Structures are given as structure tokens and as C-alpha cells.
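This report describes a few local features of one protein chain. Please keep the sequence and the structure in view while reading.

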Amino acid sequence: MSVRVAFFATCLADRLYADACADAVRLLRRLGVEVDFPPAQTCCGQPALNAGYRVEARRMARRTLEAFRGAERVVLPSGSCAGMLRTHFPRILDGPEPQEL
């Protein structure tokens, strides 16, 4: 049985640490993991949330969830983006729509 993951390159890693992304993919493949790259992935929304743009962060969170819909496992090379998905997505996606400033 092979393991399959969706790789979330993250905007920061993709733009500034592309070698780290490539190394992570090589390592996963060396371990026998099948790696997919959902083409619709963009940014998790953390920069927008940190800047106080909750409406935009929520929009990006929804886009990220849609891009990875159906993935059993998601691997990403950024601890802060992983924290955004695990910790902040539930908070910004639940409840009423945030208001524009």
C-alpha cells in the first residue's frame, strides 16, 4: 500500500525557499510517498490575518480548503502555515462573516 500526500508548497516557501520544497518532495519520494501538487493552491491567508484583513484571510482559507479537498494527507514545509491551518482556520471559518474595516 503506497502513501499519497498533497504537498502544500506555501507562498513563502515557494518564493523564498524553493530548494527546501524540492528537498522535501525528494525526501518524500525517496521514502516511497506519492506526492501530488494541487494546482489551485495559493496562500494560506496568514499574512492577511496578521495584518488584520479577516475577510481576505477567510476567503483564502476557503480557497485553500477547496484546493486540498479530497486529500487524505497534506504535507507542508512551513510550521507557521501548518499552525494557520490547524489553529486559525477553525476560528476564522466559524461564526459570522467578518466585517471590512
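Just after helix α5, G95 takes a positive phi of about 85°, in a model that is predicted. Helix α5 itself covers residues 79-93, and its 15 residues should span 21 Å at 1.5 Å a residue, which agrees with the 20 Å between its end C-alpha atoms.

Helix α4, residues 54-67, contains R58. Is R58 buried or exposed? Its relative accessible area is 2%, and R58 is therefore buried, since the limit for that term is under 20%. A polar atom of the R58 side chain lies 2.8 Å from the backbone oxygen of L93. Apart from its neighbours within four places in sequence, R58 is in contact with I92, L93, D94, G95, P96, E97 and P98, a list that includes the glycine with the positive phi described above.

Elsewhere in the chain, strand β1 (residues 3-7) pairs with β2 in the parallel sense over 4 bridges, and V5 stands opposite V35 in β2. Along β2, residues 33-36, the side chains alternate between two faces, as the table sets out.

| Residues of β2 | Face | Burial |
|---|---|---|
| V33 and V35 | one face | buried |

How values were computed:
Residues numbered from 1 in each chain as written. Predicted model: local features only at pLDDT ≥ 70, side-chain atom pairs only at ≥ 80, totals over all residues. Heavy atoms only, no water. Buried < 20%, exposed > 50% of the residue type's maximum accessible area, 1.4 Å probe, protein only. Polar contact = N/O pair within 3.5 Å; in protein donor to acceptor, adjacent residues only side chain to side chain. Contact = heavy atoms within 4.5 Å. Expected span 1.5 Å × (residues − 1). Pairing = 2+ DSSP bridges.
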